[in-house]
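Here is a short briefing for a reader new to this structure. Look at the sequence and the model, then read on by topic.

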Amino acid sequence: MDRQALVVRHVTFEDLGTLAPLLAERGYGVRYLEAGVDAIDPGPLAAADLVVILGGPIGVYETDRYPFLEAELAAIAERLKQDRPTLGICLGAQLMAKALGADVRPTGRVEIGHAPLALTDAGQHSVLRGIGQVPVLHWHGDQFDIPPGAARLAQTPGFPNQAFSLGPRQLGLQFHLEAQATHIERWLIGHACELATHRIDVAAIRRDAARHGAALERVAREVIGDWLDGC
């Protein structure tokens with residue numbers, strides 16, 4: 001492995017998933033930083049060849065409840081200033097948006113389950129162009145504004161800002177391309193309280209993961225592979 005990927009993880013079951021083999025094939029050695037446990041400092045984050053910031057069930061605005069978010073945001077902001085390859089997924093995209101000066105806020109509702117995206121004109125000419133009508137996994141209730149200078153790439157009826165890019169090396173995805181269908185039970189267990197609170201059909205998520213998992217894995221490899229090629 002001649003390149004290093006630092007991966008910021010907020011809960012253990014939301015990991016690289018289907019992206020792990022892709023990064024290994026591309027020659028990346030992966031090191032996880034566990035948010036709230038490991039120090040997330042600007043120096044190491046800036047030095048990594050690739051940074052991936054994963055999802056989690058907290059809000060970027062909850063710095064009073066989760067003080068580690070302040071240091072994490074500062075480290076991400078420094079990374080983005082240097083325009084190094086950075087991928088944010090769900091909470092990771094929200095952290096990127098916040099670090100780039102955009103507002104992130106709760107919506108009072110959730111979007112959980114598999115559903116297709118609608119690509120914007122910019123999205124149809126981006127690395128997301130191959131997604132088509134493949135249903136991706138949505139699991140969010142917060143919404144980010146598009147950062148200044150960034151391109152809005154995708155939307156759904158309930159959440160108009162589903163993805164953004166700032167140049168070729170900064171990509172934020174509100175949705176989950178990386179979720180591994182064979183590990184969906186970990187998500188259902190880990191988010192059991194949220195699913196019960198919002199009366200989400202757990203069996204439907206399980207069925208859809210099995211139905212769409214292979215296509216979603218193919219799309220994830222294509223999208224992230226194309227993005228890495230452009231970095």
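**Cavities, pocket, core and helices**

H1, E3 and H8 each give at least two residues to the lining of the second largest cavity. Helices (H or I, at least four residues) and strands (E, at least two) are DSSP runs, numbered from the N terminus. This is a predicted model: local features need pLDDT of at least 70, side-chain atom pairs count only at pLDDT 80 or more, and totals for chains, interfaces and linings use all residues. Residues are numbered from 1 along each chain as its sequence is written, and side-chain values use heavy atoms, with hydrogens and water left out.

**Cavities**

- The whole structure holds three cavities of 30 Å³ or more. On a 1 Å grid over the protein atoms alone, a cavity is a set of points where a 1.4 Å probe fits but cannot get out, and lining residues have an atom within 4 Å of a point.
- The second largest cavity has about 40 Å³ of volume. A volume is the space filled by probe spheres set on the grid points, which are joined across faces, edges and corners.
- Leu16, Leu19, Leu23, Leu50, Val52, Leu87, Ile224 and Trp227 line the second largest cavity. By class, that lining has eight nonpolar, no polar and no charged residues. Ala, Val, Leu, Ile, Met, Phe, Trp, Tyr, Cys and Pro count as nonpolar, Asp, Glu, Lys and Arg as charged, and the others, Gly among them, as polar.
- The largest cavity holds about 60 Å³ of space. Its lining includes His114, Leu137, His212 and Leu216. H8 gives the largest share of that lining, four residues. Six lining residues are nonpolar, four are polar and none is charged.

**Largest pocket**

- The largest pocket has about 330 Å³ of space. A pocket is an open set of grid points with protein on both sides within 12 Å along at least five of seven lines.
- Its lining has 23 residues, and Pro57, His140, Gly141, Asp142 and Glu194 lie nearest the centre.
- H4 (91-99), E5 (104-115) and E7 (136-144) each supply at least two lining residues. E5 gives the most, with five.
- By class, the pocket lining has eight nonpolar, ten polar and five charged residues.

**Nonpolar core**

- The largest nonpolar core has 34 residues, of which Leu87, Leu128, Ile131, Phe175 and Leu177 touch the most other members. H8 brings the largest share of this core, seven residues.
- Such a core is a set of buried Ala, Val, Leu, Ile, Met, Phe, Trp, Tyr and Cys residues joined through side-chain atoms within 4.5 Å. Buried means under 20% relative accessible area (1.4 Å probe, protein chains only).

- Seven of the nine residues of H4 are buried, so H4 is largely enclosed by the rest of the structure. Leu91 and Met96 are among the buried ones. Just after H4, Gly101 has a positive phi of about 100 degrees.
- H8 (residues 202-230) has a kink of about 55 degrees, centred on His212. The bend at a residue is the angle between axes fitted to the seven residues ending there and the seven starting there.
- At the start of H8, a side-chain oxygen of Asp201 comes within 3.1 Å of the backbone nitrogen of Ala203.

**A buried loop residue**

- Asn161 sits in the loop between E8 and E9 (163-165). Asn161 is buried, with a relative accessible area of 11%. Its side chain reaches the backbone oxygen of Phe144 at 3.0 Å.

Note on methods: A polar contact is a pair of N or O atoms within 3.5 Å; within protein, one must be able to donate a hydrogen and the other to accept it, and residues adjacent in sequence count only if both atoms are side-chain atoms. Buried means under 20% relative accessible area, exposed over 50%, partly exposed in between (1.4 Å probe, protein chains only).
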